[in-house]
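The structure is shown first, and the discussion follows.

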Amino acid sequence: MSSDSDATMRDERKSTVRTLVLEEFGRMALADRPIPDVANGDVLIRVAFTGICGSDIHGYTGHNGRRAVGQVMGHESSGTIEGFGPGDQPHGLTIGDAVTFNPVVLPVEDRVEFADREQHSPRKSVIGVDPTRNASFADYIVVPAVNVLRLADGMPVEHGALVEPTAVALHAIRRAGVIGHERVLVIGGGPIGQSVVLVLRALGVPEVYVSEISPGRRSLIEGMGVPVIDPSAGDLVEALGRHGGPVDVTIDAVGSSRSLADALACTVLGGTVCLVGMGEPQVRLDAFQISTAERTLVGSFTYSARDFADAAELVADNPVTAASLISRVIEPESADEAFMNLANGDEIPGKVLVAFAQSAEYAK
Ligand SMILES: [Zn+2]
C-alpha cells in the first residue's frame, strides 16, 4: 500500500472515530464523534483494548449513579501512541509506543501537593467516570502525557488493559498493610478479587484464600494455585478453620453487610479488614467485632500514580497469570449485548475486553 493511501486511511479513520455512547441507561450504541483536540502536554492514543469494569456495568444500568447518559465510558485500556499535542514532545514517549494510562487526572497545580496520594485531590477527574471527557470505549483517546505509561518490552498489549484493576488491587493490599508473611483471605473472586490474588502471589504472600460463590470464578482462581472456599456451601469461619483458622488480613472485594460480617469474623483479633468492594452504599456493622476485637477496618479506593506504575510491572512480570484473567475479547459491535448480559448476571469468570484495533494488528 502506498504511503499516500496510508495517509488517506489515517485521515478517514480520524474523521470517523467510533465511540460507544451510553444512549440511555441500559443501552449503549456505536456513534461517530469528532476526535478531541490534542492540547499541549497531551497524548493521542489509538485504543487497542478496553476492559469492562464492574463500575461500568453499574453505570450502564444507572444503579451506581456514577455515570451519565450521553457519556463515553472506559478506564481500563491499552493502545499505541498516535500523536502528541503542540509544544515539546513528552520525555520518554515516542509515536508507536504501546502504552496504558492512569485515568486519575490532576490539575497541574495539585500535582506536587498530592504526590503519591493523587486519589485524594478534590479536584481530580477520573477518565471514564467524568461525563465531560470522552473516555476509552472508543478508537482514540486523549490523555495528559504524565498519565501515560509505556508498557514493558514484549508485554502483550491486551495485558495493558489489566494494569488499572491490578492497581486497585495493589493499593488495597498496601492500605491493608500487607508486608508479605501474612495469611490473607480475599472475599469475592470477581476481577478485582482475581487481581488481588495476582498481586498477593507476586508479592510472595505464602497463604492466600478466596471465598467465591460462582463455580466458574472458583476454577479460574484455583488455576492460580490458590484454595477457594464456596461460602454458600456452609459457614465461612468453619470452612476457614479447615485451612488453619482466622487470617491476619481480609480484603473485602464485595462490600456488603454480609461480606463485611464474614470478613470481620474470619480475621484474627487485632487483624485488619480492607474494604475495597462497593457492593452496597450502606452496610450494617457489628461494632464489637471492631472495638472489643481491636480489628482495624480500612477503606481503599483507586490508587496513587506510584501504585499504578508498580501494578504495570507486576502485570508485565506475570504474563501467564495475566492471560488467565482475560476470559473474552469482543468487538465494539457486541459491547451493548455484553454489557446487558453482564448486568443480568452472565457468568463470565474473568475480564471481558472490547477490542477497538483490528485484533490481527495485535495477534501474538
Ligand atoms: Zn475499574
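Is Thr-302 buried or exposed? Thr-302 is buried, with a relative accessible area of 10%. The model in which this value was computed is a predicted one.

## Residues with positive phi

Thr-302 sits in the loop that runs between strand S15 (296–299) and helix H8 (305–317). Its phi is near 45°, a positive value in a residue other than glycine. Most residues other than glycine have a negative phi.

Asp-116 also has a positive phi, of about 70°, although it is not a glycine. Asp-116 belongs to the loop between strand S6 (104–105) and strand S7 (125–126). With a relative accessible area of 41%, Asp-116 is partly exposed, whereas Thr-302 is buried.

## The zinc site

Which residues coordinate the zinc ion? The donors are Cys-53 through SG, His-75 through NE2 and Glu-76 through OE, at 2.2 to 2.7 Å. Along the sequence, these donor residues follow the spacing C-x21-H-E.

Cys-53 lies in the loop between strand S3 (42–51) and helix H2 (54–61), and His-75 lies in the loop between H2 and strand S4 (77–84), so this pair ties together parts that are 22 residues apart in sequence. Both Cys-53 and His-75 are buried.

## Nonpolar cores

The largest nonpolar core contains 54 residues, and Val-178, Leu-200 and Ile-251 have the most contacts inside it. Helix H3 (residues 163–175) supplies the largest share of this core, seven residues. Domain 1 (3–162 + 326–362) and domain 2 (177–299) each contribute at least three residues to this core.

Around Val-178, leaving aside residues up to four places away in sequence, the residues touched are Ile-173, Val-184, Leu-200, Val-205 and Val-249. A second, separate core has 35 residues, among them Met-28, Ile-45, Ile-127 and Leu-342.

## Salt bridges

How many salt bridges does a search of the whole structure find? The search finds 16. Side chains of opposite charge can pair when their charged atoms come close.

One of these pairs is Arg-27 with Glu-24, whose closest N and O atoms are 2.9 Å apart. Arg-27 is partly exposed, at a relative accessible area of 36%, and Glu-24 is likewise partly exposed, at 40%.

Arg-174 takes part in two of the pairings described here. With Asp-307 it forms a salt bridge of 2.7 Å, N to O. That pair links distant parts of the chain, since Arg-174 is in helix H3 and Asp-307 is in helix H8, 133 residues apart. Arg-174 counts as partly exposed at 39% relative accessibility, whereas Asp-307 is buried, with a relative accessible area of 4%.

The other partner of Arg-174 is Asp-310, with the closest N and O atoms 2.9 Å apart. Here too distant parts of the chain are linked: Arg-174 is in helix H3 and Asp-310 in helix H8, 136 residues apart. Asp-310 is partly exposed, with a relative accessible area of 24%.

## The parallel sheet

In what order do the six strands of the open sheet lie? The order is S12-S11-S10-S13-S14-S15, and the pairing is parallel. At the edges are strand S12 (228–229) and S15, each of which pairs on one side only.

Within this sheet, strand S13 (residues 247–252) and strand S14 (residues 267–275) pair in the parallel sense over five bridges. Val-247 has Thr-267 in S14 as its bridge partner. Strands of a sheet pair through backbone hydrogen bonds, either parallel or antiparallel.

Technical notes: Residues numbered from 1 in each chain as written. Predicted model: local features only at pLDDT ≥ 70, side-chain atom pairs only at ≥ 80, totals over all residues. Heavy atoms only, no water. Helix = DSSP H or I, 4+ residues; strand = E, 2+ residues; numbered from the N terminus. Buried < 20%, exposed > 50% of the residue type's maximum accessible area, 1.4 Å probe, protein only. Donors = N, O, S within 2.8 Å, 3.2 Å for Na, K, Ca; no water. Core = buried A, V, L, I, M, F, W, Y, C linked by side-chain atoms within 4.5 Å. Domains from an automatic or database assignment. Contact = heavy atoms within 4.5 Å. Salt bridge = Lys/Arg side-chain N within 4 Å of Asp/Glu carboxyl O. Pairing = 2+ DSSP bridges.
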